[in-house]
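Please look through the sequence and the model shown below before reading on.

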Amino acid sequence: MPLGERYGGDKSESRYCGVETDFDDDMPNLLSLNIHGGFDFVIATLHAGFSSDAQMDPNYRPSLVDDDTSRSHALPFAGSDLVLSPSQWSSHVVGKISSWIDLDSEDETLRKDSEIALKQEIAWASHLSLQACLLPTPKGTSCANYAKCLNQILQNLGSMQLWLRIPLEKSEDDTDASSPDFMGEGHNDSWELWNSFRLLCEHHSQLSVALDILSSLPSASSVARWFGEPSFLTNARGYPCLSKRQQRLTTAFFDHSIQIVISGQPVHNIPLGASESNVDNNAEGGWRHPLKSYLDYVAFLYQKMDPLPEQERFEPLMDNLEAQTYETFEKDTVKYSQYQRAVAKALVDRVSDENASSVTTVLMVVGAGRGPLVRASLQAAEETERKLKIYAVEKNPNAVVTLHSLVKLEGWEERVTIVSCDMRNWNAPEKADILVSELLGSFGDNELSPECLDGAQRFLKEDGISIPSSYTSFIQPVTACKLYNDVKPWFLFPHIKSHKDLLHFETAYVVKLHRVARLAHTQPVFTFTHPEDLSKTSNQRYKKLRFDIPSDTGSSLIHGFAGYFDATLYKDVHLGIEPSTATPNMFSWFPIFFPLRTPVYVQPGTPLEVHFWRCCGSTKVWYEWCVTSPSASAMHNTNGRSYWVGL
């Protein structure tokens, strides 16, 4: 069964735990013992028979089989597929490829045997409809032939996943890019080994890494690189209680959709008692799996984690919203609470206590939707005991219907005037003291907030207040292999669909970022302030940024840039999604991702230089971006050829 749900969470967020097994010629019994022992799947060898009538020498090599035998008999690398049902094979068994395989050996016979055995075993696993196979760790620093053979297999593989076993290790002092051993035989940075391998395999989406977590761990910065990989986590030796660093690592990986494998023999003598008995009342015959204590501990680590936030996905919004989208946004009570605080502070600053009963403040909500900002503003007026007159301007006629119903239901007719019009075409009957809007996108200005508020600024008095008063976009380099693979097929195989080659690699995506490694702190990009001196300001922007990735991170592969924003609503009231200052429990915005057509490899100590432009035309606004160091990338989205927002 799954590790369980997080407290207050959802069963759909469950993770699964398997167990690595030694060779056993009775596969049905092996599977039964481990499944009834609480594990979800087993990792079992494929190089030997699974039934007693198909036993063979585990030291089998293709070169030891003579030609007559190979032509007249079934090769002895596997047993019958009938020992388990098809659903058992596909749901509960992960194949383990022979560990002796060495495709880059200098011994030609061993190398050829390895190529044949690898193809045989993966073909057999595919025949069994296994969901995945665990590949042995490359034997040396060179893995070119291993990758070449695997790449050939991947081109014709069905849906099965391949997990390359890599030990999580890195020399703590191996961080100097100038060291002669940095990329030679002396280095033992496992991420370098994995990165070389997956580059040779063209970032294939069916190839993932299976990390062996050892007793000693690399630095936190070095480990963080793995969070951007499609990973499958293993544990080389089970421990009833992991170290604090191992606990943090394991729980961090849980947020990246991994699975766990417990490997090895029990190494702790668990005292018998009510909570740690060798008898499992839920198992047949009262038997308890010898690794059950380790499984329970991993489940405990998972279940005590905080639940993940909502994972809806929103694209930049140009058209009229649907009712369901409005409803989703309106549930974000944290956001509207911040708006209410900002309006309350502005009302107090605008009207003194002495004039509170005699002065009416004019407030305009531009982009009123179905009325959440109207409600927040009226609640702020009641809280501060200020008189308020509101103009609610909304261009979506469907939302205006709901807005009229809300005003009538709440009895706001005397205080709220509804304007069914695009704010750019409206002639206001009077000037506003306060202008309130929620036009921000995930990158701050990516949904045309500057252009819309510049147009609405004519409604505002000379000393009027805009809420928000300013907002800044931020970016940071990330390793995001999953996102890159999601985009890549369109780029590599444009003939499959009728899309242009560059379209998907020059488009910014609004998406919840789970499987990413954030490689450096965020840096500010573009800032906009309202109200603005329109005679002196253009909404075009350019920013050059330099990121220094911590030296103990090791080498990194940059797939693109994660974008965020932080906004000042009024004075000290802010909201945003920039990680270091993000507003807690707010879900209206997810980060934005700017991909790179070709990932950029960055060695330790080498700065990453990035350029971003915000460009404005007569009918659209778009971004362009590129990298100039450590190597130059192509310019992305020139003239908004792939991605833009229409004015």
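## A residue in strand 6

Is S208 buried or exposed? The model in which this is asked is a predicted one, and in it S208 has a relative accessible area of 8%. Because that value falls under the 20% limit for a buried residue, S208 counts as buried.

S208 lies in strand 6, which covers residues 207-213. Leaving out residues up to four places away in sequence, S208 touches Q161, L162, W163 and L164, and also W194 and P230.

## Helix 4 and helix 5

Two packed helices are described by the angle between their axes and by the distance between those axes. For helix 4 (residues 108-127) and helix 5, the angle is about 30 degrees and the axes are 11 Å apart, which makes helix 4 roughly parallel to helix 5. The crossing of helix 4 and helix 5 is right-handed. On the side of helix 4, the residues that take part in the contact are R111, E115, L118, K119 and I122, and they meet N145, Y146, C149, L150, Q152 and I153 of helix 5. Sorted by class, this contact of helix 4 with helix 5 holds 6 nonpolar, 2 polar and 3 charged residues.

One of the residues in this contact, I153, belongs to helix 5, which spans residues 144-155. I153 counts as buried, because its relative accessibility is 12%. When its neighbours within four places in sequence are left aside, I153 is in contact with L118, K119 and I122. I153 and A123 are 30 residues apart in sequence, while their C-alpha atoms are 9.0 Å apart in space.

## Helix 11 and helix 12

Helix 11 (residues 333-350) packs with helix 12 (residues 372-384) at an angle of about 45 degrees, and their axes are 8 Å apart. Helix 11 and helix 12 are therefore oblique to each other, and helix 11 passes helix 12 in a right-handed crossing.

Which residues of helix 11 and helix 12 meet? From helix 11 they are Y336, Y339, Q340, V343, A344, L347 and V348, and from helix 12 they are P372, L373, A376, S377, Q379, A380, A381, E383 and T384. By class, the contact of helix 11 with helix 12 has 11 nonpolar, 4 polar and 1 charged residues.

## Helix 14

Helix 14, which runs over residues 449-456, is mostly covered, with 7 of its 8 residues buried. The buried residues of helix 14 are S449, P450, E451, C452, L453, D454 and A456.

Strands of a sheet pair through backbone hydrogen bonds, and the pairing can be parallel or antiparallel. In this model, an open sheet of 4 strands has antiparallel pairing and the order 18-22-23-24. Strand 18 (541-547) and strand 24 (645-646) stand at the edges, each with a single partner strand, so one side of each is left without a neighbour in the sheet.

How many bridges pair strand 23 with strand 24? Strand 23, made up of residues 620-629, pairs with strand 24 in the antiparallel sense over 2 bridges. The bridge partner of V621 in strand 24 is V645.

## Loops with cis bonds and positive phi

Most residues other than glycine have a negative phi, and most peptide bonds are trans. The loop between strand 23 and strand 24 contains P630, and the peptide bond from S629 to P630 is cis, with omega near 15 degrees. N639 is found in the loop between strand 23 and strand 24 as well, and phi of N639 is near 60 degrees, a positive value in a residue other than glycine. With a relative accessible area of 53%, N639 is exposed.

Another cis peptide bond runs from I467 to P468, with omega near 10 degrees, and P468 is found in the loop between strand 13 (460-467) and strand 14 (470-479). In the loop between strand 20 (573-576) and strand 21 (592-602) lies N585, which has a positive phi of about 65 degrees although it is not a glycine. N585 is exposed, with a relative accessible area of 67%.

Definitions and conventions: Residues are numbered from 1 along each chain as its sequence is written. This is a predicted model: local features need pLDDT of at least 70, side-chain atom pairs count only at pLDDT 80 or more; totals for chains, interfaces and linings use all residues. Side-chain values use heavy atoms; hydrogens and water are left out. Two strands pair if DSSP finds at least two bridges between them. Buried means under 20% relative accessible area, exposed over 50%, partly exposed in between (1.4 Å probe, protein chains only). Contact means heavy atoms within 4.5 Å. Axes are lines fitted to C-alpha atoms, for helices over the stretch in contact, and angles run from 0 to 180 degrees between N-to-C directions. Angles under 35 degrees count as roughly parallel, over 145 as roughly antiparallel, 65 to 115 as roughly perpendicular and the rest as oblique. A crossing is left-handed if the near helix is turned anticlockwise from the far one by less than a right angle, and right-handed if clockwise. Ala, Val, Leu, Ile, Met, Phe, Trp, Tyr, Cys and Pro count as nonpolar, Asp, Glu, Lys and Arg as charged, and the others, Gly among them, as polar.
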